[in-house]
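Student: I have a structure to read. Can we go through it together, one feature at a time?

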Amino acid sequence: MLFRKACIPFLVLLFLLVAAAYAEVLMPHVEEIAEEDPAKPTPKMNASPVFDAGQKTMPQPSLPAQVVEESEYARVNWTEGYVEATGQAVVPKGRENTPQGKLLARRGAVVDLQRNLLESIQGVRVDSRTTMTDFMASDVVKTEVQGLIKAVEIKEGSWDGETYTVKGRVKLEKIREAVLPALQQQPGKKAVPAHKPKGGGASGLLVDVRHLPLIPALIFRILDENGKEVYGLDFVDQERFLSSGLCDYHTELGYARDAPRIAVSPLVIKAVRTVSPENVDMVISNGDAARIRGNSYDFRIPCKVTVVKR
């Protein structure tokens, strides 16, 4: 018994020695880590996150002012191409604070909107001599315009408990379609050239009239100094005229130059004067007129023209 107890420490020591030797055989050799050279800077890790969820986006540049003609209850936006009006109506007496009263106020606001919209459309300038009022004498045009007003697109509606306000618009494209049958000069159907100009030709035309009192219109002419027409209905495709108009109007030259309509290499010219007293048609120099007529890509057919005015 005593012999067994005496052997136990010896056996434990023997087991530990064998285990240590066995571990030395199995474990890989670990090289000694070299001391860092103080002359060499320790490279720093980039601690900034790959994506900062709280990072604020850069503010978007504000768009330039648009070409807009405004009246008390309506406006014509020549840049975006629409006529917009507002209508208002109050709840009829005796129907206050009732669902039916609110509904009646909305109906009255729509009627007021249609009346203001008609007045504004009648004032849209068609060309240097006429407005839509002149063309409303045609039963065809009158019927078309009435249909547009009846189907006006309601963009906004608000209710303050007493007054209902609605805002609606009609696109200038629809007005061009309405007036087309009554035009004495009709644009023809022309083959639209390829989108990319060949031989380094200009991709479109930008006319700068910021120094002149130009008045926007659905139809206008660009003349040379001899009075010969360079651009107008005679030069455009009818379908393109109806869909996009003879031009779009902007107020900022740099923004207009990069607009998709005339990008990427437009011919930029400065008008000499407007034809008074209407100030709708423009006159350009004979030199610029020759550049337009001689351009390898006839951008006049697809109406790739932009006018920049004050």
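Student: Which exposed residues does the face of α4 turned away from its buried side carry?

Tutor: Some ground rules. This is a predicted model, where local features need pLDDT of at least 70, side-chain atom pairs count only at pLDDT 80 or more, and totals for chains, interfaces and linings use all residues. Residues are numbered from 1 along each chain as its sequence is written, and side-chain values use heavy atoms, leaving out hydrogens and water. Buried means under 20% relative accessible area, exposed over 50%, and partly exposed in between (1.4 Å probe, protein chains only). That face of α4 carries D139, T143 and K150.

Student: Which residues of α4 are buried?

Tutor: An α-helix has 3.6 residues a turn, so residues three or four places apart point the same way. In α4 the buried ones are V141, V145, L148 and I149. They lie on the same side of α4, because their arc around the axis is only 95° (taken from the directions from the helix axis to the C-beta atoms).

Student: In what order do the five strands form the open sheet?

Tutor: Strands of a sheet pair through backbone hydrogen bonds, either parallel or antiparallel. Two strands pair if DSSP finds at least two bridges between them. Here the order is β1-β2-β3-β5-β4, with antiparallel pairing. β1 (68–70) and β4 (153–159) each have a single partner strand, so one side of each has no neighbour in the sheet. Helices (H or I, at least four residues) and strands (E, at least two) are DSSP runs, numbered from the N terminus.

Student: Is E84 buried or exposed?

Tutor: E84 counts as buried, because its relative accessibility is 8%. E84 lies in strand β3 (residues 82–90).
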